[in-house]
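Colleague: I'm new to reading protein models. Could you walk me through this one, feature by feature?

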Amino acid sequence: EVSITKFPADERKIIAKAHDKYKKARAGIINTRHGQIHTPAFMPVGTKGTVKAMLPESVQTTGADIILGNTYHLMLQPGAKRVFKLGGLHKFMNWSKPLLTDSGGFQVMSLSKLRKITEEGVIFNSHIDGSKFMLSPESSTEIQYLLGSTITMAFDECTPYPSTYEQAKSSMELTSRWAKRSRKAFYSRDGYGQFGIIQGSIYNDLRLKSALDLIELDFEGYAIGGLAVGEGQELMFKVLDYAPDLLPINKPRYLMGVGKPADIIGAVQRGIDMFDCVIPTRSGRNGQAFTKYGVVNIRNSKYKEDNTPLEEDCLCPACKNYTKAYLHYLVKVKEILGAMLMTWHNLMYFQKLMLRIREYIAQGKDFDFIS
Ligand SMILES: Cc1ccc(CCc2c3nc[nH]c3cc3c(=O)[nH]c(N)nc23)cc1
Ligand SMILES: [Zn+2]
């Protein structure tokens, strides 16, 4: 049972009384077979069984409780059956804490060239060698089982943005039918969980219907899908002003693909518990460092003789042992150590942000100005 232990109701009342705007923010612990997840949580993306440029033990030192794996990539290479035969993804990548895998449909639509959506599932050609594959609620759920995921995502269709009401309606209805099949295919075990993903684009009645359909299937947690797909922060927050409240208050809520620090803060204030985003890792590799002074583009020539660290009080190796001048140089000459240090710093920055948010919520304090 993936359960989220909540602060006693009376403590939550204190938080609610103290900060109306924050009354939906909650801090908790998700208990799983592979350990606890402190929420609000940021989950680093480890698409191909690795958080790029990081050792798993390094990811652990940043404070991450859980990382993401990708069904789409891993089923193509090295193959889910092979990972299973080798002892599962935890063993394969030497990560013993919780793993969440996406169901793969989103990646098919964004990565594979030829694909066809049918009631059965998605038929597509591998972007690696063009060979034919099918992902369905059943096969996606089985692949995630073979990988050994702690948290399995239901197979959904991420409704593109923008979509007309009719397009969003039929897409959401397909996701509801696929969710039912995903739930049926899930092999439920203590400490493992499956999350349903609600769709409905920006239409509140469709979001409600999606939530009702999925609540009936009694998932261990729920994700809000179909956001962070180009709608922009204002529209995303407009959906988040009501969508989290449609979901069970005692179960984890995961906002997929979000986001920048300001997006995360706004979403936590609206009741979201879990986040994933490629920004800290991907932007780190191309020279962007998140700091309390704002984003530093380390490739900028103004850093070429800057002998100070990114952040003087940051405990990551980049800040403790190196200067901006060195990072500037490494990134300019595309040295691998540059990607490693920038990634490590950004992951540390995001985990520190989450830690401070959790602390502020627990103390019933505003956490608006944290950036
Ligand atoms: C490894 C990994 C990478 C990425 C993800 C999240 C990917 C992702 C979205 N990213 C931005 N917006 C997103 C929406 C959806 C969605 O509606 N459904 C699914 N299944 N995934 C989404 C999960 C795991
Ligand atoms: Zn640092």
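Colleague: Let's start with a proline. In which loop is the place of P78?

Modeller: Before that, a bit of background. This is a predicted model, where local features need pLDDT of at least 70, side-chain atom pairs count only at pLDDT 80 or more, and totals for chains, interfaces and linings use all residues. Residues are numbered from 1 along each chain as its sequence is written, chains are lettered from A and ligands numbered from 1 in the order in which they are written, and side-chain values use heavy atoms, with hydrogens and water left out. Helices (H or I, at least four residues) and strands (E, at least two) are DSSP runs, numbered from the N terminus. Here, P78 sits in the loop between helix 3 and helix 4 (80-85). The peptide bond leading from Q77 into P78 is cis, with omega near 5 degrees.

Colleague: And what is the omega of the peptide bond from T39 to P40?

Modeller: That bond is cis too, with omega near 0 degrees. P40 belongs to the loop between strand 3 (35-39) and strand 4.

Colleague: How do I read a metal site? Which atoms coordinate the zinc ion (ligand 2)?

Modeller: Look for donors, meaning N, O and S atoms within 2.8 Å of the metal (3.2 Å for Na, K and Ca); water is not among the atoms, so sites may look incomplete. For the zinc ion (ligand 2), they are C314 (SG), C316 (SG), C319 (SG) and H345 (ND1), at 2.1 to 2.3 Å. Along the chain, these donors follow the spacing C-x1-C-x2-C-x25-H.

Colleague: What geometry does the site of the zinc ion (ligand 2) have?

Modeller: Four donors count as tetrahedral if all angles lie between 85 and 135 degrees. In this site the angles run from 101 to 113 degrees among the four donor atoms, so the zinc ion (ligand 2) has a tetrahedral site.

Colleague: Is H345 buried or exposed?

Modeller: Buried means under 20% relative accessible area, exposed over 50%, and partly exposed in between (1.4 Å probe, protein chains only). H345 counts as buried because its relative accessible area is 0%. C314 and C319 are both buried as well. H345 lies in helix 15 (residues 336-362). Contact means heavy atoms within 4.5 Å; not counting residues up to four places away in sequence, H345 touches several residues, among them A289, F290, T291 and L310.

Colleague: Can we try a helix as a whole? How many of the nine residues of helix 11 are buried?

Modeller: Eight of the nine are, which leaves helix 11 (residues 261-269) mostly covered. Among the elements covering its buried residues are strand 4 (41-44), helix 10 (233-240) and helix 15. After helix 11 comes G271, with a positive phi near 100 degrees.

Colleague: Which residues other than glycine have a positive phi?

Modeller: N94 is one of them, at about 60 degrees, and K334 is another, near 55 degrees. N94 is in the loop between helix 5 (89-92) and strand 6 (99-102), and it counts as exposed because its relative accessible area is 53%. K334 is in the loop between helix 14 (324-332) and helix 15. K334 is exposed too, because its relative accessible area is 65%.

Conventions:
Four donors count as tetrahedral if all angles lie between 85 and 135 degrees; four count as square planar and six as octahedral if opposite donors are over 155 degrees apart and all others between 65 and 115; anything else is irregular.
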